[in-house]
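Subject: Structure handover

Hello,

Here is the structure I said I would pass on. My notes on it follow below.

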Amino acid sequence: MKFRSVLLAALILGCFSCAPSASETLLSADEETDGLWSYDTICAETYEAEIAGERSYTISFWIRPENNYPDTCIWSLSNGEETITLTGSGFSSETFSGLTLSDSDGNWIVADGGITVSTDRWNYLAYVVKGKKTGIFLNGEEAASGTFHGSLSDAVLSFGKNDQGLEPMEGKLSDLRIRPKAVSAEVIRQEYESAYASVLLDTISIPDAAHLERDLWFVDTEIEGYPLTWKVEENDVLDDRGIRKDTETGGDAVVHASIRTEQSQAEKTFQIHVDG
């Protein structure tokens, strides 16, 4: 299906639809949810959007990659003649770089080697174009910037494939937006911080939560300096500390974990079965 606004047109192929406003296009319908994040899966399907030659625009999204090898393609922007590619890292002369933006003419904008997306964790990426000035932002901070021919006429933004033969980045995608303006660094930072609690809480998993065979520990736990609060609903198998009760029979328990940062808060619920 095809939708048009005053400044942007979005052609959606694959798993999601959109409902654009006059100010921005929200491409991701976020068809799946894990109770904390809503997301689409980046896989064999391709998610595409036309960008109608804007001189200033911002592409932003959350991504939880499963892979990030040298030259792994996050997205490509192409009009059939010119292509801009964002990769998770580059590899040249046995030296790894960080996030790397490149075009068909051999121009590059490269972040320092340690600055790239983390696998199995949500990352916030923003690509900001203002004329020929381009910036790449990762998790609320500018990762790299430079002068770049970043605005292509009738370009197509692609996730899940590229025409350079690069390995595509796979994983989960959330809140993919195209805005017909260069969003400020302060707004990008605020957008990241507003979801930071959910980023942290998503890193928690309870191994074998479906069939718990060992004690947990819910006391004095924290993530990156932020304390976790645990609440165990009344049950017959698990106490408030995460210790198995002295019972020969198994059963189920519902556990809630919550965390609060300066700008955000989040809660995640675990359904746990304790074997007898």
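Strand 15 (residues 133-138) and strand 16 (residues 141-147) run antiparallel and are joined by 6 bridges. One of the pairs is Thr 134, whose bridge partner in strand 16 is Gly 146. There are 2 residues between the strands of this hairpin, and Asn 139 takes a positive phi near 50 degrees. Please keep in mind throughout that this is a predicted model.

Some overall figures for the chain. Its secondary structure comes to 2 helices and 22 strands. Of the 276 residues in the chain, 49% are buried. Taking contacts between residues at least 6 apart in sequence, 62% join residues at least 24 apart.

Strand 9 and the largest pocket

Strand 9 (83-87) is mostly covered, with 5 of its 5 residues buried. The burial applies to both faces: Thr 83, Thr 85 and Thr 87 lie on one side, and Ile 84 and Leu 86 on the other.

Strand 9 pairs with strand 8 (residues 73-78) in the antiparallel sense, through 5 bridges. Within that pairing, Ser 78 has Thr 83 as its bridge partner. Strand 8 and strand 9 make a hairpin with 4 residues between them, and Gly 80 in the turn has a positive phi of about 95 degrees.

Strand 9 also runs antiparallel to strand 12, with 4 bridges joining the two. Here Thr 85 stands opposite Ser 102 in strand 12.

That pair comes up again in the largest pocket, which holds about 190 Å³ of space. The pocket is lined by 14 residues, and the closest to its centre are Thr 85, Ser 102, Trp 108, Gln 164 and Leu 166. Strand 9 and strand 12 (100-103) each supply at least two residues of the lining. By class, the lining has 10 polar, 2 nonpolar and 2 charged residues.

Which residues of helix 1 are buried? They are Ile 188, Glu 191 and Tyr 192. Seen down the axis of helix 1, these buried residues fall within an arc of 100 degrees, so they line one face of the helix. What they pack against is strand 7 (56-65), strand 14 (123-130), strand 15, strand 18 and helix 2 (196-201).

Ala 182 sits in the loop between strand 18 (171-179) and helix 1 (185-193). Its relative accessibility is 30%, so Ala 182 counts as partly exposed. Leaving out residues up to four places away in sequence, Ala 182 touches Ser 56, Tyr 57, Thr 58, Val 128, Val 129 and Lys 130. Ala 182 and Gly 131 are 51 residues apart in sequence, and their C-alpha atoms are 9.2 Å apart in space.

An open sheet of 4 strands has the order 19-20-21-22, and its pairing is antiparallel. Strand 19 (222-223) and strand 22 (265-274) stand at the edges, each with a single partner strand, so one side of each has no neighbour in the sheet. Strand 19 pairs with strand 20 (residues 226-232) over 2 bridges, in the antiparallel sense. In one of these pairs, Ile 223 has Tyr 226 in strand 20 as its bridge partner.

Ser 264 lies in the loop between strand 21 (251-260) and strand 22. Is Ser 264 buried or exposed? Buried means under 20% relative accessible area. At 9% relative accessibility, Ser 264 therefore counts as buried. Apart from its neighbours within four places in sequence, Ser 264 is in contact with Glu 193, Ser 194, Ala 195, Tyr 196, Ala 197 and Ile 259. Between the C-alpha atoms of Ser 264 and Ser 198 the separation is 8.1 Å, although the two are 66 residues apart along the chain.

Regards

Conventions
Residues numbered from 1 in each chain as written. Predicted model: local features only at pLDDT ≥ 70, side-chain atom pairs only at ≥ 80, totals over all residues. Heavy atoms only, no water. Pairing = 2+ DSSP bridges. 1 Å grid on protein atoms, 1.4 Å probe; cavity = no way out; pocket = protein on both sides within 12 Å on 5 of 7 lines; lining within 4 Å. Points joined across faces, edges and corners; volume = space filled by probe spheres on them. Nonpolar A, V, L, I, M, F, W, Y, C, P; charged D, E, K, R; others polar. Buried < 20%, exposed > 50% of the residue type's maximum accessible area, 1.4 Å probe, protein only. Contact = heavy atoms within 4.5 Å. Arc of directions from axis to C-beta.
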